[in-house]
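Work through the exercises below with the sequence and the structure side by side. Try each task before you read its solution.

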Amino acid sequence: MAELRQEFPIERQLRKDIQDAQRARDQLRLDTLRMALGAIHNLEVARTDRKNPEHGQPLTEADSLRAVEQEVKKRQQAIPYYKQGGRNELAEKEQRELEILQTYIQGSQLNDDELRAVVARLVDEHGKDFKRVMPLAIKETKGRADGARVQRLVREMTQ
């Protein structure tokens, strides 16, 4: 029988908020939170496949957060397409889902000052070479800062 794994804080929060949404009869919030929890579960199930490069590795808190971040990214990418296609009602729905999901990843995100400190330290250690600093910055901030934000800051600080 498979061993039970510890539930991460983000999952506990999602489950608690699902119950609250059920009590409040907030269907959009309920569906969005269930989808996010499902994404985490799907990632865990995918690791049971022998063909998966992460086969057998236990799920981590960072993996759970990454699954929610991927759902946020999907919505960010879908909104312009819905607007372009004249489907404003779907764009608005995606926007509301995006706002719901962003509350879960904002707590783990680096703010601008923290991100600037990380990049400044890397620039001090490795010089003002963008091609050398950028991969290190991405690696160090993975899951805690948007790649575009990191790139913009590294570019600014290496020039």
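Does Arg 15 count as buried, partly exposed or exposed, and at what relative accessibility? The model is predicted: local features need pLDDT of at least 70, side-chain atom pairs count only at pLDDT 80 or more, and totals for chains, interfaces and linings use all residues. Residues are numbered from 1 along each chain as its sequence is written, and side-chain values use heavy atoms, with hydrogens and water left out.

**Exercise 1. Classify Arg 15 and find its salt-bridge partner.**

Step 1. Arg 15 has 40% relative accessibility, so it counts as partly exposed. The cut-offs are under 20% relative accessible area for buried, over 50% for exposed and in between for partly exposed (1.4 Å probe, protein chains only).
Step 2. The partner is Glu 7; N to O is 2.3 Å. A salt bridge needs a side-chain nitrogen of Lys or Arg within 4 Å of a carboxyl oxygen of Asp or Glu.
Step 3. Glu 7 is partly exposed too, at 25%.

**Exercise 2. Trace the salt bridges of Arg 75 to Glu 94 and Glu 97.**

Step 1. With Glu 94, the closest N and O atoms are 3.8 Å apart. Arg 75 sits in helix α3 and Glu 94 in helix α4 (residues 88-106), 19 residues apart. Helices here are DSSP runs (H or I, at least four residues), numbered from the N terminus.
Step 2. With Glu 97, the closest N and O atoms are 2.8 Å apart. Glu 97 also lies in α4, so this pair ties together parts 22 residues apart in sequence.
Step 3. Check burial. Arg 75 is buried at 10%, Glu 94 at 12% and Glu 97 at 6%.
Step 4. Widen the view. A salt-bridge network links Glu 71, Lys 74, Arg 75, Lys 93, Glu 94 and Glu 97. The whole structure has 16 salt bridges.

**Exercise 3. Describe how α1 packs on α3.**

Step 1. Helix α1 (residues 9-24) meets helix α3 (residues 61-84) at about 50°, with axes 8 Å apart. Axes are lines fitted to C-alpha atoms over the stretch in contact, and angles run from 0 to 180 degrees between N-to-C directions.
Step 2. The angle makes α1 oblique to α3. Under 35 degrees is roughly parallel, over 145 roughly antiparallel, 65 to 115 roughly perpendicular, and the rest oblique.
Step 3. Pro 9, Ile 10 and Glu 11 of α1 touch Glu 61, Ser 64, Leu 65 and Val 68 of α3, where contact means heavy atoms within 4.5 Å.

Terms used
Helix = DSSP H or I, 4+ residues; strand = E, 2+ residues; numbered from the N terminus.
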